[in-house]
Amino acid sequence: MKELFVAAENEIADGGRKVVATGGVEIGVFRSDGNYYAWRNECPHQGGPVCQGVMTRKVEERLDGERKSSGIHYAADGHRNIVCPWHGYEFDMKTGRHVGHAATRLRGYQVKVRDGAVYVVLPA
Amino acid sequence: MTEDPKILPLINDRTDSRDILARASSQAAKHGLDDYFIVDVDSHIGDGAAWPEILKLLENDVLRDDSIFYSAAARGAFLNDTPGLQWQSVGGRVPHGAGLKEPVDDKSAPREVTLSRRAIDALGLDCQVFFPNALLFLGMHPVREIEVELSTAYNRWIVERVLPHEPRMKAMVYLPFNTPEAAERTVKRFLGKPGVVGFVVTSTRYQPVHANEYMRLYAMLEEAGVPLAFHAHHNWQNEYTKQLNRFISMHAISFVLSNLVHLTNWVINGLPERFPKLKVIWIESGLAWVPFIMQRLDHEFLMRTSEAPLLKRLPSQYMREMFFTMQPMEATNLKLLEGTFEAINAETQLLYASDWPHWDFDVPARLFDLPFLNERSRRNILGYNAARVFNLDVPAKYRKPEQVAAE
């Protein structure tokens, strides 16, 4: 196990992120609702810089009681996804799973907050 | 003691393409692509910004003057695409999908040359075949004389203003296919110009490729030993695709539809028998459609042979002698993809293409993610097949194709 310093705790605002190259890996650390999520900056599709893309709200299609479409809209929960800028693969920021195909997922890291600093833990 | 890590920038629509493609450069280093001869058969380094310069090369004096006024009124004077329907960036999720907007300081060469050099270096390429991005819809222009005029200006721009700056850039010259005589004149005018490696028909058009008016054109290309390519594009304007309400649906079908129609006419009318030495390339429809139409045509040919009397073999056997670019390579089912590679004889017929900077581009590293692919096939697809099609010299620093074949 190896701990890599990523940022001071107050450096990443809630809803923000920091993407770093450190210890031979590229990692994006995202902060949402006070929690941190760390993902390898490598899209499972073609290896693109998935953590460096836009964060976007989830899109859903709403149906009425007769199952008629009311069109596509942003989900009301405000939850945001990470989008790979190479080809648009879109992942849930918290689970790292592709929003349309859960088996396609990002590789994650454990995050530790200690003494006002954010670290990611690399497996040995 | 903590050391500040290197911060990687967020990628937006003005990010330098070397930063967008930084991970492709890492892949190139990881796979040792320096040791591979790599030809990117399809790229579209944004030529939209150069459009006013291209219009200055219009040879009709009235059109040239008119273009000044029309350019002042709107971008893309005389072009017939529909700017409001270009949704390639997936709502901004794929920033470069809306075109590269990065700064370029080098004024010694056209901006497109700098952008191409950046892509060539970042992707680990040896050369890149440049396609007329701005003209992909031009085959649908309501005025066929305009197709001739615009394509001539564009071809001159590429050949006279772009290619001389960078020997790693190559071009397939646009054929104004709606006017067969003009297409012949285009071949005569541009064949043999430095950097010109072939001629392209943009597939989005309603012209039967087997029409007798085209036979002289095909004979010229066969005689010259240069390839004829059919480059697909989307088309939201025909009666079938008008039913599709999402860009994904229209894009998925229409890129394939145009090449399906042209290839079917090409095969069933016996053009491979009439022009057996003409090299034909089908570009940017992915690969999954090919085994479909192979099976479909073989199946029906055996029942309706009298309608395709020029054929001496199954349609699929002629298709195995055609060339296909791999992008955008559908790889969600590797068993099917492996079958496709076998069906099309990928080892000798498949050509790597990036389609950079379009939203569904493919990096060379994709060919290292296919467990069924051997090293010889990989090297062929990345570059040696293209060298054969385009008559390119393989630099001495690379192993020769025959050496790889013997390994």
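Of the 124 residues of chain A, 39% are classed as buried, a residue being buried if 20 or more other C-beta atoms, placed from the backbone, lie within 10 Å of its own, exposed if 12 or fewer, and partly exposed in between. This is a predicted model, in which local features need pLDDT of at least 70 and side-chain atom pairs count only at pLDDT 80 or more, while totals for chains, interfaces and linings use all residues. Residues are numbered from 1 along each chain as its sequence is written, and chains are lettered from A and ligands numbered from 1 in the order in which they are written.

Chain A contains zero helices and 11 strands; helices (H or I, at least four residues) and strands (E, at least two) are DSSP runs, numbered from the N terminus. Along the sequence, the pattern of chain A is β-β-β-β-β-β-β-β-β-β-β. Taken along the principal axes, the box filled by the C-alpha atoms of chain A is roughly 55 × 30 × 20 Å. Among contacts in chain A with a separation of 6 or more, 46% link residues 24 or more positions apart, two residues being in contact if their C-beta atoms, placed from the backbone, lie within 7 Å.

## A three-stranded sheet in chain A

An open sheet of chain A is formed by three strands in the order S5-S8-S9, with antiparallel pairing; two strands pair if DSSP finds at least two bridges between them. Strand S5 (55-57) and strand S9 (90-92) of chain A each have a single partner strand and stand at the edges, so one side of each lacks a neighbour in the sheet. On average, neighbouring strands of this sheet are turned by 40 degrees against each other, direction ignored.

Three bridges connect S5(A) with strand S8 (residues 80-83) of chain A in the antiparallel sense. Within S8(A), A:Arg80 stands opposite A:Arg57.

## The interface between chains A and B

In the interface, 23 residues of chain B are in contact with 22 residues of chain A. On the side of chain B that touches chain A, strand S1 (6-7) and helix H2 (22-31) of chain B are the elements that give two or more residues. The largest share, three residues, comes from H2(B). By class, this side of chain B has 14 nonpolar, three polar and six charged residues. Here Ala, Val, Leu, Ile, Met, Phe, Trp, Tyr, Cys and Pro count as nonpolar, Asp, Glu, Lys and Arg as charged, and the others, Gly among them, as polar.

Strand pairing also crosses between the chains: strand S2 (residues 17-22) of chain A and S1(B) run antiparallel and are joined by two bridges. B:Lys6 in S1(B) stands opposite A:Ala21.

Technical notes:
Axes fitted to C-alpha atoms, helices over the stretch in contact; angles between N-to-C directions.
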